[in-house]
Structures are given as C-alpha cells and as structure tokens.
Amino acid sequence: MELTKEQFIQDFEKTLTDKYAKPLIQAGQQEIFQSLADVVKSYYAPIWQEDLAYKDESQKKQAYYFSIEFLPGQMLKSNLLNLGIMDTVREALSDLNVSLDELAEVEPDMAIGNGGLGRLASCFMDSLASKGLPGNGNGIRYRYGLFKQKIIDGYQCELPDSWLDNGNPWEVRRPEQAVEVTFGGEVWLEDDGKGSLKPHYRDQERVLAVPYDNPMVGYENSTVNNMCLWRSEIPEDLDVRFQNLDYMNQTAQLSAELYPDDSNYDGRLLRLKQEYFFVSAGLQRILKHYKKHIKAPISQIHEYVAVHINDTHPALCVPEFMRLLIDDWGLAWEQAWEITVKVMSYTNHTILPEAMEKWPEDMVQNLLPRVYQIILEIDRRRTKDLLPKVGPTLVHSTRIVKDGQIHMAHLSIIGSHSTNGVAKLHSDLIKDVVLHDFYTIYPERFNNKTNGIAERRWLQISNEKLSSLIDETIGRAWRHDLNELVLLKNYKDNPDFLSQLQAVKKADKVRLAEVIKERNDIEVNTEAIFDVQVKRLHAYKRQLLNVLHIMKLYFDIKDDPSIDIYPRVFIFGSKAAPGYHYAKSIIKAINEIANLINNDTDVAGRLKIVFMENYNVSLAEYIIPAADVSEQISLASKEASGTSNMKLMLNGALTMATLDGANIEIKDAVGDENIFIFGLTKDEVYDYYARGDYNAHDIYKSNPVLNRILNAFRDGTIPNIANEGPEIFASLTTYNDEYFVLRDFDDYVRAQAEVEALYRDQTAWTKASLANIANAGRFSSDRTVQEYADDIWYIKANKA
Ligand code: NBX
C-alpha cells in the first residue's frame, strides 16, 4: 500500500490520543505498541473486507487448513513488511524518537502451538496469503499458549503463557457467527416419516464456539486471508443454575490451554473435546457460508471447499462432515461419503508409534455418540465393500475401529482423497513401511509435499542485513520468488561480496552475543564457530549426541590444555514436554555441563555452552541468522522433515546432518561439498531392527573415548546430576540406546573435525555458506503451498 511518513505520523498520533488521551511524550511502550497496532489494523482492515467480499462474489474454491496448533510468533513486523510499509513506519517512528525494533519486542509471541507442526501451519498461512491463494486457517484460540520455560538450577520449570493479558490487537471477534457444539448425552434414530432415519438427542452438553478472525496479510499483493480461532463460551440462553460445576468448568476450559505435548499421543478427555470442538465449529461455519453465498447445490461442495486435516488431531472432520451432510442437509450416505472424500485431505507428520493417535472406543462413544455411530458405519461399510476385493488380512490391518480403539490415522486416510508426508524420505517410509497396507489399497492417494518455510519471516524480517546485501547484489526479485537466490552463485568468486557476507554474519553474531550476555550473562567470543541446535527436546532428535561431542572436546582440552581447538559456542534452544522426564533430564545435564565447561580455566573460553531459556519464534529470529553450524542429527528415519534445517541454511549456516527428513533434499540442493553428512542411513537402521543385534553396551566397553565420557555422567565429573547422570548413562548402555547415539558417535566426531578444518579456511567456508543461501529457494513454503494448491486442494490464486 502507499503510505507517506506524514500520513502515518498523523494517523498514529490521532490513534494514540483517541485511545489513551495522551501525547506521545507521556505514553508508555505498551500504549505506543497498542496504538501502532491499531493504526496497522486500520490499514489492512479495508483490504481484508474487500478480499472477503471478493471471495464471496467470485465463488472461487477455498481451502481450510484445520490445525490444532499454529505458531505465528509476533505479528507487528510481519504485517508491516507484508503491507509494504516497514521502511516508512520505521523512519517515521524514528523521527518521533521511537525505535521500531524495541517496540516490536513489546508484543508477546502468539504461541498457540508446540513446535514444527504448528510453525509449519503458520508458514503456510503466510505463504497462502502471499501467493494470493484463498486459504484459511481454522484452530483454537487458547487462552494460555505453550508454557514459558524458566531454567532454575539447571532444571526446566514451566510457567503459564498468559499472552492475552493486553488483548490481541490484530483479531476481530465475530459473536454473530458463533455456533453451538454439543457433547455427550444420548442419541437415537427415528423414522422421519419420509423414509429416512433422523437422530434425536437428549441431555447433551452445549458449548458456544465464538470465532475470532485473524488477518493473514499477503506480501505486497492486496490479499488478506483469514485464520479463524475458536473460543469456547457458555451459551447465553443456558440457565447456569441447573448446570453442574464440572460441566461449567470444562466448557470454560475447552479453549483454555494448549496441550504442551509434541510427538506423544496424549489421550486425555479434554483433548478429545478440543479436537471435536474446533472441527465441528469450523465445518459448521463453512457450511453456513456455503448456504449463504454459494449458488451451487450441496452435492457440488467439493468444487468450492477443500478441508485439510493437519496431522490426525482434526481427523474428526471426516465423521463430522458426514454428520452435517446427512443429518442437517439430508444427503444420502453414499453421496455424503463421496463428497467427504473429495473435500478432505490429510498430512502425516510423524511415524513414531507413540505419536500415532488412537482413542478408546468408549470414550468416543460417550463424548460423541452420533459421531461414534457414523465412525462405526464408515468402518462397517468399508469392510463389507473391501473384503471381497482385498481379503481379510488387509481389511483387518487397515480398520478404523479395532481392539477397542479408534485409529485416527486410518480414519484420515480412508476418509480423504490425499495423504501426504512432509519430505521425500518420510513419504517413502509411509508408503513402503508404516502405512504400506493403505498404500496397497489406495496407491493413488499417497504423495509427498516437502515442507518449506516462510522466507519473509525467516530472512526478510529476522535478517535485514543479509536481505539488504542480497538486494544490493542481485536486486529485489528474490523477495517475491525465493528461487531468484540462485543468482548469488555468480558471486562465489567475488572477494568483495564474500567479505560482505562474512561481515553480515559477524554482525548477526554480535547481535546474538548481546542477547546471550543479557539473558544468560555469558560472554561469548564472536570469532568462534556458532554451533546451533534449536528444536523441541526429544530423544530421537539426539541433543545428547551433540552433548557427547562437547564432552569429547572438553576432555581433549583437559588432556592437553595447549591443544589447538578452534573456539566454539554451542547454542541450544529447546523445550521439553512437561511430562517427558527423560527430556528434562537432558536439559539439566546440558546446563550442568555448561556450568562445568564455561567456568573451567583450562578451557579458557575456547568452548562455551549456552542453553537459551524459553526458545520460541521470536528468539529463533535472533539465533538463526547468527548460526554457522546447523545441527540436524536425528537418527535416520525418525525426523519426518525438520524445518529449522531450512531456516538455518537460508541464513547461511552449514548443516551437520544425518540422512534424515528434508536433510537429504538439502544435501541434493547444496551438493556434498557444502554439507557435513554422517551416521547410519535409514536402511542401515532398518537392518539393525531386522537383525536385532545392536549392542550399545559393547560400544561403551570397547570405545575408550565414549567410555570416559559416559562415565563422567555417573562418577561426579559432571557435577549436580546425581539423578539425571545415571539415568542418561543407563539409557545409553543398560537400555541399549534406542536411537543409536553411541553407534553414530565416531562418525559424528569425524564430521565435526571437518567442520573445524573448513572453518579455518574462511574463504572456503564463506563460499559454502553462500551455496547454502543460494540453493535455499526450493525450501520456500511458497513452493510447498503451491503444490498443495495444484495437486491436493485444486484452488487457484485470487484475481488470477
Ligand atoms: O512436524 C513435526 C515433525 O517432527 C517435523 O519433522 C516436521 O518438520 C514438522 C512439520 O511437518 N511434528 C510435530 O511438530 N509434531 C507435534 O508438534 C505434535 C504435537 C502434538 C501431538 C503430536 C505431535 N500430539
């Protein structure tokens, strides 16, 4: 949009006065932030309104991304950038002696997600809008987002994330579009006199779902999409005197808290309620909109609506859509089913068995009696149809309801026309191993959509210096098409450019060093290698392998204090699920090792370990630009894709990688010489499983380096881990090292030595860094969402 500094200042000062009756000089940061947000809202609101009207009038097909998590982070700069007014506003504020960067820090992160899955959903929201694709989000407006992590005596403590205390300035509450969601009670079917059975209900709990619309502003393209987040409330007409307290609490609690569990199936009743709550509310809103705005009959809804099931948490979309079509719209079962399969599509984000969602049948039956009937009927009809075609073995292995449980992944695959994995390797594993029986029955449904990241947040906003250097070098076209970054390859032998690239990295490291000093009170050497592992803490991600390597370097120094070791700063950022005891022990160990090494005079500052508290999107925006090394060291086959690997490469870090998830595609993009690969391959891991002969204890016994490191966990060498040290030791030896940490250790050490050697040649390193940036184009989520749009949702760009 067009905006002059003068216009902005006028709008801003007026808003401040209207809102707080104060001149700027008397206003606090919070008041200034809220006023600025209101001004920005006044800029996008008319575009939003127009876009909504356009979508209604044009009747174009729209996609709805159903996700129980989103992880947008702060929105101020994102909105400014995408509206094309970042520079104007920054300069205008600076004329008023207000720093945009400082002001942006006032905004709490919108952290209504756990990790990769939620952040991917938010990258998709940004990309859908930026590509002008009509794609909406549908989720829950949790009152408390992901817990705030505090490290006390090295331990993770969890504090509530009360992010709405000052309100959410971007959203619009739309009570007039509230819908009711019902739970429990009894249901029975009665003939309606016209030959069909209609459900009748008794004693149901009613919950009001109120939508809050959040603008998803597209990048310089006059598109504003919608992310709808639902809040649970008590229906106004409900006589609260006759309700029991439990119910009242539960209703109010439905949208109160995000489950802080990633990669683990948590089977609590409230979680199931949350899943049905946002699914039912979202589908009801879609159908109401359809009735009001779309002229076609309901039988054609798949030509106007695509619903995406992001992991299995929204899998109830399948039976709920059936319920609405049959019970409310009067469709026959067969027709409803055909439409449902065409409308729905599903993404799988993990193959870890413990994350595969299953619900006890009786729980679903009690909480959602009508939906339960429909699930049974889907399963029954499918079994009957398929038995003669594929035989009992395949039918049984793919059933939705078995062993007293409802298998949500099965429901999602059977009830949709598309199932995708999130990187090539992961999609192959789904087809060949984990969901192979489904692939045999429905081969045409399976496909891959390699993840991507929203470059606007992960480069333009978080790394303005690098962005400016790229502009000066190859122009600005890359800001609309990340593939343009390949042009940077022409500068790989240009010493001026390489030294400017180095200077940018240095400045980003200095900026992070300041944050580290302020938050951790640790001085780090900005000439050192910044080695970064940022992601949720999970055994399969193997933060422990990183730790063992650090201990090796430490012992090398202790053995020979004059050893020539290139200085390194190891940076960790990681939350553990509150109930994940082992992950919390690893956090404690990292912090105690940091204390030990950071304060050892023999080390003399050559190694520093920094565990950054409360890793979240806004902290990531500081850490990622400053990284030299990106640790992507999961056991091959376990990390579905990973996305921090993409953010880090885009910012010029070199990847230390196993051949897992999207690392493989990163290697293909940058070439073997610009990445460090180590460790078992997926096939080697599966061979171990087949043979069953992995013996970690033997490695511990026979490898003197590892022996010494592991002993340090239980002999007091690492202080203050009297409980955690032996636990970690035992996990790696007695319990046979589930994720092959010891098996991959030597090769990891070898690859890490290569890192050091290459870093000593700054020109060679910088060229490799450049190769990473220049080849990052294909990891833009703009590419990913376009593939979803073309191959799965069949939607086209607005105004196209
Ligand atoms: O999804 C992550 C995968 O682990 C990553 O490899 C992948 O890059 C990313 C995006 O596709 N999965 C993930 O973040 N899962 C969860 O957060 C999760 C949350 C709740 C739950 C299970 C998993 N019950």
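**Space inside the fold**

Author: Helix 6 supplies five residues to the lining of the largest cavity, the largest share. Before we go on, please keep in mind that this is a predicted model, in which local features need pLDDT of at least 70 and side-chain atom pairs count only at pLDDT 80 or more, while totals for chains, interfaces and linings use all residues. Residues are numbered from 1 along each chain as its sequence is written, and side-chain values use heavy atoms, with hydrogens and water left out.

Rolling a probe the size of a water molecule over the atoms shows where empty space is left. Here the work is done on a 1 Å grid over the protein atoms alone: a cavity is a set of points where a 1.4 Å probe fits but cannot get out, a pocket is an open set with protein on both sides within 12 Å along at least five of seven lines, and lining residues have an atom within 4 Å of a point. Grid points are joined across faces, edges and corners, and a volume is the space filled by probe spheres set on the points.

Searching the whole structure gives eight cavities of 30 Å³ or more. The volume of the largest cavity is about 120 Å³. Its lining has 13 residues, and those nearest the centre are Met-75, Ser-78, Ser-122, Asp-126 and Met-216. Helix 3 (76-83), helix 6 (116-130) and strand 9 (205-217) are the elements that each give two or more residues to this lining. Helices (H or I, at least four residues) and strands (E, at least two) are DSSP runs, numbered from the N terminus. Sorted by class, the lining of the largest cavity holds six nonpolar, four polar and three charged residues. In this sorting, Ala, Val, Leu, Ile, Met, Phe, Trp, Tyr, Cys and Pro are nonpolar, Asp, Glu, Lys and Arg are charged, and the others, Gly among them, are polar.

The second largest cavity has a volume of about 80 Å³. Among the residues around it are Phe-33, Gly-73, Met-75, Glu-107, Trp-163 and Trp-170.

Now to an open space. The second largest pocket holds about 570 Å³. There are 24 residues in its lining, with Leu-52, Gln-177, Asn-226, Arg-285 and His-289 the closest to its centre. Two or more residues each come from helix 2 (29-58), strand 1 (62-66), strand 2 (135-140), strand 10 (224-233) and helix 8 (269-293). Helix 8 gives the most, seven residues. The lining of this pocket is made up of seven nonpolar, nine polar and eight charged residues.

Next comes Ala-178, placed in the loop between strand 5 (172-173) and strand 6 (179-183). At 17% relative accessibility Ala-178 is buried, a word used for values under 20% relative accessible area, with exposed over 50% and partly exposed in between (1.4 Å probe, protein chains only). Beyond its neighbours within four places in sequence, Ala-178 is in contact (heavy atoms within 4.5 Å) with Leu-208, Ala-209, Val-210, Pro-211 and Lys-288. Ala-178 and Tyr-212 are 34 residues apart in sequence, and their C-alpha atoms are 9.6 Å apart.

One residue comes with a database note. UniProt, in an unreviewed entry, lists Lys-647 for "modified residue: N6-(pyridoxal phosphate)lysine"; UniProt positions follow the numbering used here, feature names are shortened, and annotations may be inferred rather than shown by experiment. Lys-647 sits in helix 23 (residues 644-650) and is buried, at 7% relative accessible area. Not counting residues up to four places away in sequence, Lys-647 touches Arg-119, Ile-453, Trp-458 and Ile-624.

The whole structure has zero disulfides, a disulfide being a pair of cysteine sulfur atoms within 2.5 Å. For Cys-317, the nearest cysteine sulfur is that of Cys-228, 13 Å away. Cys-317 is buried, at 0% relative accessibility, whereas Cys-157 is partly exposed, at 24%.
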